[in-house]
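Trainee: I would like to learn how to read a few features of a protein model. Can you take me through them one at a time?

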Amino acid sequence: NLAKKTPMHVGDRFRIGSVTKSFVATVVLQLAGERKLSLDDSIERWLPGVVPNSDGITIRHLLGHRSGLFDYLADEKGLQPYLSGNFGYVWTPQQLIAVATSHAPLFEPGAKFSYSNTNYIVLGLIVEAASGKSVSTELRRRIFKPLGLRSTFLATSQRIPGAHAHGYLVSGNDPLKDVTLVSPSYVWTAGGIVSTASDVADFYRALLRGRLLKPALLKEMETVSDGYGLGLSKTRLPCGDIFGHNGALASYLTYAFNSKDGKRQFVVLANSLTFDDQVGSKRAQRVFQRLLQAAACGV
């Protein structure tokens, strides 16, 4: 915290950005295991009229970023309120989807991979439609509470309760700007979870060891094409493949990766970010990359 000149602590809460997608995908796959939905259901089946021409886009396409839906964050309208200083501006999921669908689809559903936050906003609404409960409730009762993740929640307000890291925007030679209080509404189920390093590690360990999903569903989640499964990313390293996710949100950067059996894990959090999702200076970026490599494979 630059204002108070106090360091971060390993137990501080943190906005984990797109690491949220692994949590949301787990809930969707649990619902599939309970036959409350099918991965081959279309968007139109659950959200009639919300996404134009969505009969051919399935839940599986959304989970694996193969829907062709435009990423609403690639439209400057998504961040404009916050860049102009209105940190409290609240987006609804439907408004975010409308920003995305004001653009033509990138390709036919299933044709190829293209990472889009829009997919997980749509999945959040499908979870609510299929379960009859809020996605916050489903995350809490299915993952947070059973695993004892006491510092983890889907943020709905600007403020982060308890001890937390502040996030700083790096913009050229300008002074670092504290953007901790940016509304999480603009990412919702695509990136809105607040957690800690240990809670994130506990989640992935439970997931990869089969505590949250039936074996067939976990296998589907881990089946990768173009480096991405169903809410899980895979990176091939000299020391072996690692599974997990990274996230960048409001000047918080998260890398959370694990060996397939969950025995080897690392969670790296940084609280400064440039507009192209890098930690502050060039030197900091080099140090950060070395840290990731050391965490993944040893020095």
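Predicted model: local features only at pLDDT ≥ 70, side-chain atom pairs only at ≥ 80, totals over all residues.

Trainee: Which cysteines are joined by a disulfide?

Mentor: In general, a disulfide is a covalent bond between the sulfur atoms of two cysteines. In this model the count is one disulfide. Cys239 and Cys297 are the partners, with 1.9 Å from S to S. Cys239 sits in the loop between β6 (233-237) and β7 (240-249), while Cys297 belongs to helix α11 (residues 282-297), so the link joins distant parts of the chain, 58 residues apart.

Trainee: What is the handedness of the link between Cys239 and Cys297?

Mentor: The link is left-handed, with -65° about the S-S bond.

Trainee: How many residues of α9 are buried?

Mentor: Nine of the twelve, which leaves α9 mostly covered. Among them are Ala197, Asp199, Phe203 and Tyr204.

Trainee: How many aromatic pairs are found in the whole structure?

Mentor: A pair of aromatic rings is described by the distance of the centres and the angle of the planes. The search finds eleven aromatic pairs. One of them is Phe113 with Tyr228: the ring centres are 5.8 Å apart and the planes are at 40°, so this pair is tilted. Phe113 lies in the loop between α5 (93-101) and α6 (117-131), and Tyr228 in the loop between α10 (215-222) and β6, so the pair ties together parts 115 residues apart in sequence. Phe113 is partly exposed at 26% relative accessibility, whereas Tyr228 is buried at 6%.

Trainee: Which rings form a cluster?

Mentor: Phe23, Phe144, Phe203 and Tyr204 form one aromatic cluster. Within it, Phe203 and Tyr204 make a tilted pair, 5.0 Å centre to centre with 55° between the planes. Phe203 has a relative accessible area of 0%, and Tyr204 is likewise buried at 0%.

Trainee: Where does the charged end of Arg45 sit?

Mentor: Over the ring of Trp46, 4.1 Å from the ring centre.

Notes
Residues numbered from 1 in each chain as written. Heavy atoms only, no water. Disulfide = S-S within 2.5 Å. Helix = DSSP H or I, 4+ residues; strand = E, 2+ residues; numbered from the N terminus. Buried < 20%, exposed > 50% of the residue type's maximum accessible area, 1.4 Å probe, protein only. Phe/Tyr/Trp six-rings, centres within 6.5 Å; stacked < 30°, edge-to-face > 60°. Lys NZ or Arg CZ within 6 Å of the ring centre and 35° of its normal.
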